[in-house]
Each structure stands twice: as structure tokens, then as C-alpha cells.
Amino acid sequence: MLAYTIRRLLMLIPVLIGMSLLVFSIIHLIPGDPAKTILGEKASPEVLENMREELGLNDPLLIQYKNYMLGLVQGDLGTSIRTKVPIAKEMKPYLAGTMELTFFAMAFALFIGVNAGILAAWKQNSWFDYMAMLIALIGVSMPVFWLGLMEQWVFAQNLHWLPSIGRSSIINPVHPISHFYIIDTILVGDFGGLLEVLKHLILPSIALGTIPMAIIARMTRSSMLEVMRSDYIRTAKAKGVKEFFLVYKHALKNAFIPILTVVGLQTGLLLGGAVLTETIFAWPGIGKYLYDAISIRDYPVIQSGILIIAFIFVMINLIVDLLYSAIDPRIRYR
Amino acid sequence: MKKKGLYLLFVLIFTMSVSLTGCGGSKETSGTGQNTLIYGRGGDSVSLDPANVTDGESIKVTKNIYDTLIDYQDGNTELIPALAEDWESSKDGLVWTFHLRKDVKFHDGTSFNADAVVFNFNRWMDKDNAYHQGDFPYYGYMFGGYKGDEGHVIKEAIAIDEHTVEIHLNFPQGPFLSNLAMPPFAIASPAAIEKYGETLGEHPVGTGPFVFKEWVRNDKVVLEKNKDYWMKGYPILDQLIFKSIPDNSARFITMQSGEIDLMDGVNPDDVTLAKENPDLQVWLRPSMNVGYLAFNTEKAPFDNVKIRQALSMAVNKQALIDAFYNGLAEPAKNPLPPSLWGYNNDIVDYEYNLEKAKQLLAEAGYPDGFTTDFWYMPVPRPYIPQGKKIAETMQSDFEKIGVTVNLVTEEWAPYLEKTGNGEHTMALLGWTGDNGDPDNFLYVLLDKDNAKGPDAGNIAFYKNDELHELLIKAQQSGNIDERTKLYEKAQEIIHKDAPWIPLVHSTPPLVGKKNIDGFIPHPTGSDRFTKVSFK
Amino acid sequence: MSQIQHQTVINQMKMKERVDSPWMDMWRRLRKQKLAMIGGFIILFFILLAFSAPLLTSYSYKAVELPSRFLPPFSEGHFLGTDDLGRDLFTRIIYGAQISLRVGFLAVIGSVIIGTFLGLLAGYYGKWVDMLISRIFDIMLAFPSILLAIAIVTILGRSLTNALIAIAIVNIPTYGRLVRSKVLTLKEEEFIIAAKAVGMKDSRIIYNHLLPNSMTPIIVQGTLGIATAIIETAALGFLGLGAEPPIPEWGTMLADSKDYIQLAPWTVIFPGVSIMLVVLGFNLFGDGLRDALDPKMKL
């Protein structure tokens with residue numbers, strides 16, 4: 001296990017270096033001069049030249065890359081052109097925002113997906129099964145951004161049940177401590193604020209969580225069906241174990257691995273889906289942060305932001321793989 | 001059995017909590033004794049140093065942090081005393097004496113006095129001044145360049161005593177006082193300028209009704225009541241928050257849910273909904289703007305006046321207004337909005353006539369039309385809230401006379417940069433007036449002085465010497481009747497040459513809570529919240 | 001895993017001997033998949049709509065008709081109503097179907113061609129070639145695809161063509177990996193070993209044996225991939241990075257009408273439903289194809 005973990009970690013190194021190279025080249029391919037972006041077109045040639053020197057843009061690309069990497073290793077993600085704030089500092093609240101949203105989306109997807117999958121398998125070929133699978137099929141094909149709009153239309157604009165944008169009330173903003181608003185409101189005992197934060201989470205979480213929910217439901221159902229046909233479940237049934245208990249405990253344990261894979265895969269994909277969801281719900285998360293940075297050409301932010309997201313993505317996949325092989329050692333030799 | 005019960009309980013709790021949070025009153029947003037006003041707007045400020053910006057979103061905020069020597073009256077552009085209690089000019093109009101208000105303090109506790117005024121003037125006009133950090137674009141626009149430039153209006157500012165300032169001009173300037181009332185010429189604390197230098201825009205210190213507290217980029221600017229404000233008893237609000245919610249409809253939704261108190265940039269179609277809502281009220285900002293399509297007159301085929309006139313005949317302005325302004329605008333025939341003095345109402349607009357347009361195209365040597373690029377702005381502006389839609393409509397209009405246009409856009413900043421540099425062939429743009437003077441439209445947007453990139457105000461790159469003479473003459477005259485005649489003549493020339501298709505003068509709607517009192521939208525687009533309160 | 005694939009391949013080879021046309025066989029098995037047939041029907045329906053667009057409507061998708069804006073569905077002459085510029089929504093949706101289908105197909109064909117090529121190289125030659133190509137795939141897969149697509153469109157400039165290119169690029173690794181693993185198992189097969197032994201040229205082995213035998217999973221994945229590509233196109237359009245106006249791309253239509261959701265919900269509902277239906281069609285069909293052709297291939 002340890003050897004496998006180490007091997008996987010070592011394999012990550014070339015990927016990480018390659019990622020940084022790719023991002024670095026993307027940034028240098030996007031048309032436009034960062035120095036000009038900072039100074040505006042009105043800058044005199046002398047000032048422009050100074051600025052380029054200051055930003056190290058006159059160095060050969062290789063040197064620039066080396067300097068960037070040296071900074072990265074020391075935890076220096078660079079400084080935003082627009083706000084002149086160090087990116088590592090600026091990004092924190094956005095990252096927390098995305099993580100909170102992703103967590104809730106995943107929780108929603110798991111809770112509904114797993115339960116629906118189990119029930120569908122348990123009552124195979126019942127109307128519940130058909131309905132659940134139909135919904136799952138539609139869910140898999142759902143354009144997230146459209147679902148988000150529809151949710152806003154129905155639940156915010158027509159029924160006025162839930163707020164449609166943002167992370168918390170505009171009037172009584174959450175005082176950030178950890179930037180995870182759930183935690184922050186609990187820490188200061190602000191339960192009105194907590195309720196507000198939860199209300200803001202519902203619609204975007206559902207929008208973001210629908211696709212993984214549908215996939216998890218289908219996955220759970222099919223692996224449950226396989227497991228339930230197996231001998232030892234039949235034996236257990238024969239021994240007179242209560243059916244519901246049986247399904248949950250025994251079968252779920254065995255269906256866990258495929259579900260885990262999907263969860264891992266989907267959590268990674270959620271980070272991408274977050275760009276769209278965050279745009280619709282004006283959610284101050286990393287996806288929107290990056291999208292805004294791209295539209296105003298804040299190069300250091302684009303560079304470090306994409307890298308951070310990709311890094312998280314890779315790490316999630318790694319963790320899932322490791323968990324996977326910890327549970328079922330055979331997988332390793334895949 | 002136990003487990004099953006537990007599971008059901010869990011499901012039950014979950015469902016209940018969802019429905020509870022769902023139904024939990026979203027109405028109880030505002031607490032008791034609300035004295036914070038949240039103003040929802042479409043974009044963040046660029047900088048809070050008014051002397052260094054040109055965008056409305058920045059000035060909207062600084063207008064409440066800073067005072068100018070002279071101010072506008074509520075709701076119109078007549079001038080009233082502000083930091084200067086009184087003023088007079090010499091006979092030749094070359095020396096202006098301002099008597100300053102006493103006992104006024106900047107937010108940092110330093111005193112406002114004649115030296116502070118002189119300090120600010122020197123910072124704006126002298127490129128060699130240590131604190132002239134930035135472009136000071138408005139100063140250049142309004143006062144004919146900077147110290148040492150040929151057309152520079154202001155010779156010097158002199159402190160006579162603690163509370164008296166003299167400003168000497170190189171030559172008389174008609175709109176001089178109107179210019180001084182503009183938000184960019186607000187007096188900032190010299191101590192703060194010395195302390196913050198280039199970053200003054202992030203730490204604004206003025207004498208205005210509200211004190212800067214916090215700026216969370218892309219989110220909000222928070223201002224607090226200036227308890228020592230010189231206007232006794234004001235401001236009434238404790239806190240004023242400018243909240244950026246870029247999406248117009250998202251902003252309107254938050255308005256409907258009561259999360260914000262006031263908003264601008266309302267989609268015209270949402271105005272109908274707001275009028276039906278008993279909790280909301282609608283204001284119309286008096287029009288002081290123009291939305292236009294500028295032809296790049298330096299590029300073929302728009303160097304040909306017949307082509308420009310032909311296209312002018314192919315646009316149905318009233319239809320645009322009905323569709324995209326909910327009727328809340330007037331079709332434009334002049335660059336000047338009709339509320340300004342000097343507006344030439346005798347001009348007859350090019351009629352909407354496709355046959356004549358085709359004929360003109362043929363006369364110009366393009367009987368089969370031509371193909372070109374059409375630039376539209378990517379963001380909603382007060383004068384053109386939906387650039388893309390207007391562009392699509394005009395594209396369809398032009399198609400009818402055989403002119404094919406490809407729609408092009410950029411992000412907003414590059415859009416301004418590139419059009420200011422003349423990279424377009426034709427482009428949508430607009431202008432909201434600053435000081436209520438015709439000069440502020442005609443000279444800034446159509447004089448040949450401003451027809452050079454980068455950052456040209458005249459993005460038609462229209463250069464007419466006759467017009468230039470008229471505008472300069474009007475600029476240097478102090479006589480309003482003479483100036484009116486000059487501007488009327490100027491509009492005739494512009495109409496004939498058709499460097500633009502003037503499209504609309506909009507009266508941008510604002511929507512706010514019913515209980516807001518004392519809010520009078522200002523035609524300049526930046527409002528003071530000194531007298532605003534909640535009923 | 002390799003056992004399973006091995007088995008599949010053998011099955012396929014047997015199949016090949018038995019039936020003259022593998023297509024007929026595929027069709028026979030597919031027909032038994034009810035959901036796949038529904039999916040296929042949905043796809044066919046949209047293809048028909050798209051191709052007969054000029055016959056089905058007399059309106060132009062771009063001619064603005066302001067006086068008739070926001071006509072509700074079932075208004076006279078406007079089956080689905082009109083949009084904010086008075087353009088017939090039905091017309092825009094069926095022309096939009098052309099665009100979505102075309103972009104979906106082309107993007108997938110692009111990524112399949114390049115992905116297959118790279119996958120064949122990596123799988124067949126192994127060693128450093130495999131190392132290099134596989135790492136590139138790993139790196140590309142490390143980015144959420146929509147983010148990578150946004151970055152690529154930003155580099156190339158906003159347009160429908162560039163959106164298509166971006167989507168094709170981000171999906172290359174999916175097919176590359178698939179082909180590579182297929183080739184790795186095929187390489188151990190006797191007929192390949194035999195071919196090598198008799199000195200057949202690499203290019204012929206690849207072209208005559210490896211490629212045809214890798215087709216099944218590619219067809220399955222490609223069908224599902226069209227669904228992904230259509231959603232991604234719409235997503236880029238929704239973010240304002242796709243089609244330039246007045247092209248009636250569905251995602252762009254959504255972005256344009258989202259401001260009117262309260263006033264004219266149909267302008268938001270119909271394009272969204274169209275995206276969902278087409279995607280659903282390809283998902284159903286792809287699922288069915290997989291079950292029919294390659295029952296053991298799961299996710």
C-alpha cells in the first residue's frame with residue numbers, strides 16, 4: 001500500500017510540472033500585453049518599458065518560467081494585476097466559497113442519489129424504479145446553467161421561497177473567519193445568519209449536484225442489483241435477516257467501491273461545473289473569480305487560479321484511487 | 001425495525017428542514033430602524049480618486065465622499081455654493097475669486113482651506129507636480145490640456161488668505177463654473193494625497209457627507225455617515241453601501257426580494273414589473289445623455305458623407321426605443337440632449353426611408369451595398385442598456401439596404417481602448433453629460449482636438465475646421481446668448497456631415513423601495529445621498 | 001479487466017466469422033434496446049428538423065421584427081412564440097439544431113481522429129512514446145474541461161468555430177486513452193503477433209487490424225461524446241464565448257433571453273428543453289449501443 005502510494009505520488013510530479021508548463025504557455029498565448037493592461041493604453045513608452053522590466057516580462061520565457069516556479073515552490077502565487085493583492089490571500093475566500101458549494105452539491109447528490117438508487121434496486125421494476133431512473137436519465141442530460149435559471153425562476157422569482165444569488169444576505173453579511181460561512185456563523189452563534197447561508201446554498205447546490213446525483217443513482221442501482229443477486233445476500237435472506245436492514249448494510253457495503261469512484265470523478269467535475277453555476281447564482285467562488293480574471297486579462301490570477309484548480313482536481317483523483325485500492329487491493333494492478 | 005425507523009426519521013427531518021428553510025420568511029430582511037441604504041449597481045468602481053477616472057461607477061461613489069467648490073442643485077445643473085460660499089469674477093472673466101466655507105474638516109481631521117484648494121489644482125494641472133500621478137483625463141478634457149499646453153485654460157491658483165482663493169485664467173472659458181462643479185474636480189485632503197500618493201484611489205479622503213470605510217473589490221463600497229458634515233443635520237443615513245451586482249435581472253430580483261434598497265440599470269421591461277409592485281417606486285433620471293453609432297470617418301467607405309447619410313436613413317429609432325427602452329427614451333436627432341440649452345430643435349432628422357437610403361448608396365458608388373464590421377459594447381450602459389440587441393436589430397435594418405455588417409465585440413475596457421484608438425469601422429457608444437454645458441457634448445465628442453488616439457473622445461475621428469472654430473469661439477465666450485447661437489450652428493454642421501447616427505436620449509429608470517424619501521435622481525448620473533432617508 | 005476485454009475481443013472475432021455484415025448484427029442487437037430506440041428516434045427527429053429547416057418555416061432566423069416581439073407560444077404564425085427581437089422562436093430553434101448537431105458531430109470527429117491517432121501510437125509503440133502521450137493526456141485531464149475550453153477560446157478569440165475547436169481539443173484524451181488501452185490488449189492477440197512475425201509493416205498492422213478492432217468502444221464513446229460536446233457548446237455560448245450574433249446557437253439564445261424569464265419564460269424554456277432533449281437522445285442511444293455492442297464496458 002505504501003509503495004503504491006509513493007509510486008502514485010512520484011507519478012504526479014511530471015504531471016504537475018506539465019500542468020504548470022501548459023498553464024504558463026496558455027497565459028503567454030492569450031493576446032494582450034500585461035504591462036499595457038496595468039497601465040492602460042495611455043502609458044508612455046518609457047513607463048511601459050519600466051513596467052515590463054519590473055514584471056520580468058523582458059526576460060526570456062524560460063527564465064520567466066523558472067522564476068514563476070521558484071515563487072510557486074515558496075507558496076508565492078503572484079499578485080493580481082487588477083487589485084494588486086497577493087493572489088494566495090485574495091483567493092482564499094473564493095476557494096472556500098467553491099468548496100462549501102461543492103460539498104453541499106455532493107452531499108445532495110449522495111443523499112438523494114444513493115437512496116434513490118438503493119430503493120430503485122430494492123423495488124426493481126416498480127413504478128418508483130421507473131420514475132427514479134427516468135429522472136436520473138433526464139438529470140444526466142441536464143444543462144446545468146439552464147437548470148439554474150429554471151430554479152431561480154420558479155423558487156426565487158415566482159414562489160419567493162429562496163434567494164437567487166449570492167452566498168449570504170446582503171444586508172447582514174457574514175463576518176468571515178474561516179470563509180466557510182456555515183462554520184463562521186456557527187462560531188459566532190449567529191443562527192439567523194446560518195439559516196440565511198443555508199437558504200442561499202440550496203438552489204446552487206441542487207443545480208450543481210443534479211448531474212452527479214443522477215449518475216450516482218444509476219450507478220448505485222446497477223451495483224446494488226448485482227450485489228443483491230449474489231449468493232451471500234440470498235443466504236442472509238434465507239437466514240431471515242430483516243430485508244431493509246439487509247439491503248442497507250450488506251449490499252451497500254459491497255456497492256461502495258463503484259459509488260466511490262463516481263463520487264471522486266464527479267467531485268472533480270463539479271469544480272468545472274462551478275464556473276457555470278457560480279456565474280448564474282453570482283456565487284463568489286473560484287470559478288467566477290477565474291472567469292472574471294479571464295475577461296479582464298488578469299494574467300497572474302488566471303495562471304495561478306487554473307493551476308490551483310487543476311491541482312485540487314489531481315489530488316481528489318489521487319485520494320479516490322488510494323481509497324479505492326485500500327478497500328480492494330486487486331484494483332491496484334489494473 | 002429500529003434501523004428502518006431511524007432512517008424514516010432521518011428522511012422526515014431532512015424534508016422538514018428543507019421545507020422550513022424554504023418557507024422561512026424571506027420578507028423579514030430589514031431589521032427595525034433601518035438606516036443603511038444599499039444601492040445596487042452594475043459594476044465596480046475603477047478607482048475612488050475622482051480626478052483620475054472617467055467612469056460613472058467610480059464617480060457615483062466619490063460624489064458622496066468628496067465636495068466640489070461649486071455644486072449642482074438637486075435634480076438639475078444649476079449651480080449652487082458648496083465648499084465655496086461665494087464667488088465673483090473680474091470684468092474680463094480672467095480672474096475668479098472664491099470665498100471658502102469656514103470650519104470644514106476633511107475626514108482625516110485636517111482643515112479644509114485655501115492651501116488645500118491650491119494643492120489640488122496644482123496636482124491636477126501640473127505634469128511635473130510630484131502628486132500628478134495618473135492621467136487626470138477629465139482635467140485635460142475640460143480645461144484644454146495641462147500646464148504648458150497651448151489651449152490650457154487655467155493659469156494658476158493662488159491662496160489669498162486662509163479662506164480665499166483666486167484662480168487666474170489664460171483666457172475666458174464659458175463653462176468654467178459648470179466645469180468646477182464636476183465631481184472630478186473635488187477637493188481631496190492634501191495630507192491624504194501626500195500619505196497615499198498613487199493609492200489615493202483606494203483610500204479616498206474628502207469633506208463630503210459620507211466617510212469611506214471599506215471597499216471589497218467587485219463586491220461593495222461601504223461609506224459611513226460623516227458626523228461633522230458642514231451641512232447641519234445631514235446626512236440622515238448612517239451607512240451607504242454601493243453593491244455591485246453585474247447582472248441587470250439578478251439585481252432586479254434582489255430588489256424585488258428587498259435585499260437592496262435602490263438600483264439603477266433597470267431593464268426597461270422590468271420597469272413594468274416594478275410599477276405593478278406596491279413595495280417599489282420608479283424614478284426616471286432626467287436625460288442628459290446620448291447613445292449613438294459612430295462611423296469611423298477616416299476609414300472607407302465611411303469617409304464618404306453619402307454613405308453615412310444613407311445608413312442614417314436605414315435606422316428606425318422609434319422602434320428601437322419601443323423595444324429596448326420600454327418607451328423611456330427620445331429619438332435623437334442631435335448629439336445634444338434636448339434638456340440642455342443650445343439644443344437646436346429646428347433640425348429635421350433624416351427620415352427612415354429605405355428607398356432613399358439605397359439611392360444614396362448607389363450615388364456613392366455602392367449600389368449593391370458593402371460589408372463591414374459593427375462594434376457593440378458588451379455591457380449595459382445607461383444610454384444603451386442592450387448593446388447586443390440594438391446591434392442585432394440594426395444589423396437586420398442595414399441588411400435591407402444591402403449593407404452586411406458583422407457584429408464584433410470586446411470586453412469593456414479593450415472596447416474603449418480600441419475604439420479610442422480608431423480600430424473600428426463603426427461602433428456603438430454613448431455619453432452621459434457631466435456639467436450640463438453643450439461644450440461637454442459637442443467639444444468632447446466631435447471636435448477635431450479630441451479626434452486623436454489613444455483615448456479619443458471623438459471616435460468618429462470627425463475633423464471639421466468650421467465646426468472647430470465655432471466650438472472654440474463658444475468655449476471662450478461668457479455670453480450665453482452668443483454661445484447658444486454658436487452651438488445651434490454647430491449642430492447644423494454636424495447634422496449635414498452625419499459623423500454619427502444619434503440614436504436616443506434615454507431617461508434611465510431607477511427602482512427603489514417605496515419608503516425611500518428625498519431621493520432626486522440627478523441628470524449627471526451621480527447622485528448625492530445627503531438628504532435621502534427612509535420614511 | 002484485461003480478461004474481460006480479451007473475452008470481448010474473442011467474441012467479436014467469432015462474430016465476424018459468423019455474420020457477413022457486422023452492421024446488420026449491431027442493428028439487430030440494438031433494436032432490442034428499447035431506450036436506445038427512443039434515443040435514436042429523438043436524434044433522428046432533430047436531424048430531420050435541422051435539415052428540413054428551410055421547408056418547415058418561412059421565417060428567417062435573423063430578420064428582426066420588433067413589432068412582434070414576445071408573442072407567446074401558439075400565437076398566429078408563431079408556434080413557439082417569438083423572442084425579444086420578434087424572431088420566430090421555432091425557426092431559431094430548428095436552425096439552432098443544425099448548429100448544435102453540426103458542432104457536436106464535428107467536435108467529436110475532431111477529437112476522435114486525433115485521439116485515435118495518438119492512442120494507436122501510444123498503445124502500439126509503447127515505451128517513451130506511450131510515456132509522453134499518456135502524460136500529456138494526464139495533464140489535459142487534470143483541468144476541468146470547461147475551464148480549459150474557456151482558456152482556449154480566449155486565446156483563439158470568440159467565435160463558433162473556435163468554440164468547436166476548443167471542445168474538440170479538450171476531449172482528445174478521452175478517446176486517446178480508450179484506444180490506447182484497447183490496443184494494449186489487442187497487441188497480445190495471436191493474430192497481431194502472427195502478423196508481426198510474418199513481417200507485416202507497422203502501418204498495415206495498425207490500419208488493417210488494430211484500428212478496425214478498436215472501433216466498437218470508439219463508436220459507443222463517440223455517441224456519448226456528442227452529448228457532451230453539445231452541452232459544452234451551449235455552455236460556452238451561455239458564457240458569451242460561443243456563437244457570434246445573430247447565429248441561433250441554443251446556449252447563446254439562453255444567455256440572450258435569461259433577462260426576460262419573468263416576462264417571456266418560453267424564450268428560456270424552449271432552447272433549454274431542446275438542449276436537454278438532444279443530449280438525452282444521444283445519451284440514451286449511446287447507452288443502448290454500449291449495452292448492445294460491448295455489454296461489459298461500463299463507465
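Q: How much area do domain 1 of chain A and domain 2 of chain A bury between them?
A: This is a predicted model, and the domain assignment of chain A gives domain 1 as 2-73 and domain 2 as 92-327. In contact are 19 residues of domain 1 of chain A and 16 residues of domain 2 of chain A. Carbon and sulfur atoms carry 77% of the area these two domains bury, and the total is about 1,600 Å².

Q: Which element gives the most to the side of domain 1 of chain A that touches domain 2 of chain A?
A: Across this interface the rule finds zero salt bridges and one residue pair in polar contact. Elements that give two or more residues to the domain 1 side are helix H1 (2-29), helix H2 (34-39) and helix H4 (61-73) of chain A. With eleven residues, the most comes from H1(A).

Q: By class, how many nonpolar residues does the side of domain 1 of chain A that touches domain 2 of chain A have?
A: The charged residues on that side number two and the polar residues four. The nonpolar count is 13.

Q: How much area do chain A and chain C bury between them?
A: The contact joins 41 residues of chain A to 38 residues of chain C. Of the buried area, 84% is on carbon and sulfur atoms, and the total is about 3,700 Å².

Q: Which residues of chain A lose the most area to chain C?
A: Chain A and chain C bury about 3,700 Å² between them. Three residues of chain A together account for 16% of what that side buries: A:Ser141, A:Phe145 and A:Trp146.

Q: Which residue forms a salt bridge with A:Arg218?
A: Between chain A and chain C the count is one salt bridge. Its closest N and O atoms are 2.5 Å apart, and the partner of A:Arg218 is C:Asp287.

Q: Which helix gives the largest share of the side of chain A that touches chain C?
A: The rule finds five residue pairs in polar contact across the interface of chain A and chain C. Several helices of chain A each supply at least two residues of the side that touches chain C, among them H1, helix H9 (191-228) and helix H13 (299-327). The largest share is nine residues, from H1(A).

Q: Which residue of E5(B) is the bridge partner of B:Asp86?
A: Strand E4 (residues 84-89) and strand E5 (residues 95-100) of chain B pair in the antiparallel sense over five bridges. They form a hairpin with five residues between them, and B:Gly93 in the turn has a positive phi of about 75 degrees. Within E5(B), the partner of B:Asp86 is B:His99.

Q: What is omega for the cis peptide bond that joins C:Pro245 and C:Pro246?
A: C:Pro246 is found in the loop between helix H11 (202-238) and helix H12 (250-257) of chain C. For the cis bond from C:Pro245 to C:Pro246, omega is about 5 degrees.

Q: Where does A:Ala282 lie?
A: A:Ala282 is a residue other than glycine with a positive phi, near 45 degrees. Its place is the loop between H11 and H12 of chain A.

Note on methods: Residues numbered from 1 in each chain as written. Chains lettered and ligands numbered in written order. Predicted model: local features only at pLDDT ≥ 70, side-chain atom pairs only at ≥ 80, totals over all residues. Heavy atoms only, no water. Pairing = 2+ DSSP bridges. Helix = DSSP H or I, 4+ residues; strand = E, 2+ residues; numbered from the N terminus. Domains from an automatic or database assignment. Contact = heavy atoms within 4.5 Å. Buried area = accessible area lost by both parts, 1.4 Å probe. Salt bridge = Lys/Arg side-chain N within 4 Å of Asp/Glu carboxyl O. Polar contact = N/O pair within 3.5 Å; in protein donor to acceptor, adjacent residues only side chain to side chain. Nonpolar A, V, L, I, M, F, W, Y, C, P; charged D, E, K, R; others polar.
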